[in-house]
Amino acid sequence: MLKYIPATDRHHAAPVSWLSSYFLFSFADYYDPNNIHFGPLRVFNDDSIAPNSGFPQHPHSEMEIVTLVLDGEVTHEDTMGNQTTIPKGEVQRMTAGTGLAHGELNRTDKPLHIYQLWFLPNQKGLAPSYEQKDIDFLDTKNELVPLVSGQKVLEDVVYMNSNSTIYWANLREDKEIEFRTFPIRNTFIYVKEGTIYVNGTELGPNDQARMTDEHVVQIRAKKDAQFILIDLPASEANY
């Protein structure tokens with residue numbers, strides 16, 4: 001079954017002047033008991049952050065937090081002692097585990113655009129940890145590129161403590177990709193730009209597809225497109 005969710009169904013939040021965020025799942029002041037998570041994917045926020053602003057240091061625990069930088073540059077500081085910058089095309093993962101605090105700032109004069117995803121970890125009580133990698137995913141062509149995974153069969157990706165994998169694709173017009181998964185897994189797609197057909201359903205910019213019991217996912221670009229695909233366990237026992 002494929003559940004299509006149009007861009008207009010996202011929750012828009014602008015709690016401060018420097019932030020414009022779209023929540024794909026219940027978060028902060030947005031609560032929908034029917035939209036808490038999809039498998040272990042608990043949060044997916046599409047954030048735009050104005051120049052010379054950002055999130056001051058704040059705490060987290062018991063969550064795998066992934067940040068994809070689409071435009072601009074993030075300055076990151078945390079209580080583990082990490083002080084880094086994450087430019088466009090790089091991927092960051094934090095294991096919040098037993099607890100940490102971090103800040104995410106845009107210290108440049110240009111807007112910052114990120115996707116931030118939170119996953120329920122496959123075990124609690126983990127030591128906090130950090131990883132950052134330049135995967136240059138925004139320049140790939142006509143393939144699903146794994147960025148972050150807890151499935152150990154994949155190499156040269158950022159590791160997270162979740163039995164899930166995040167892929168990115170830049171698909172040219174009329175090109176096709178086939179993604180195969182298993183009956184015990186679900187698939188999530190979110191389109192950044194362009195238009196694609198997912199098993200015959202058309203998705204445009206910022207549309208979502210949430211798929212259960214769709215073991216073969218056929219994706220064709222109607223127009224040049226960029227999108228994220230996430231392979232997720234369907235059962236909590238497999239998170």
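Predicted model: local features only at pLDDT ≥ 70, side-chain atom pairs only at ≥ 80, totals over all residues.
Local features need pLDDT of at least 70 and side-chain atom pairs count only at pLDDT 80 or more, while totals for chains, interfaces and linings use all residues. Residues are numbered from 1 along each chain as its sequence is written, and side-chain values use heavy atoms, with hydrogens and water left out.

View 1. Helices (H or I, at least four residues) and strands (E, at least two) are DSSP runs, numbered from the N terminus. The C-alpha trace spans about 45 × 40 × 35 Å along its principal axes. Of the 239 residues, 53% are buried; buried means under 20% relative accessible area, exposed over 50%, and partly exposed in between (1.4 Å probe, protein chains only).

**View 2. The largest nonpolar core has 27 residues.** Such a core is a set of buried Ala, Val, Leu, Ile, Met, Phe, Trp, Tyr and Cys residues joined through side-chain atoms within 4.5 Å. Phe44, Leu117, Leu147, Ile166, Phe188 and Ile230 touch the most other members. Elements giving two or more residues to this core include strand S4 (41-49), strand S11 (112-119) and strand S20 (216-233). Apart from this core lies another, of 19 residues, among them Leu144 and Ile219.

**View 3. Phe44 and Phe188 form a tilted aromatic pair.** Their rings are 5.7 Å apart centre to centre, with 35 degrees between the planes. Phe44 lies in strand S4 and Phe188 in strand S17, so the pair ties together parts 144 residues apart in sequence. Phe44 is buried, at 0% relative accessibility, and Phe188 is likewise buried at 0%. Rings of Phe, Tyr and Trp (its six-membered ring) pair if their centres lie within 6.5 Å; planes under 30 degrees apart count as stacked, over 60 as edge-to-face and the rest as tilted.

**View 4. Phe23 and Phe27 form an edge-to-face pair.** The ring centres are 5.0 Å apart and the planes stand at 70 degrees. Phe23 is buried at 5% relative accessible area, whereas Phe27 is partly exposed at 23%.
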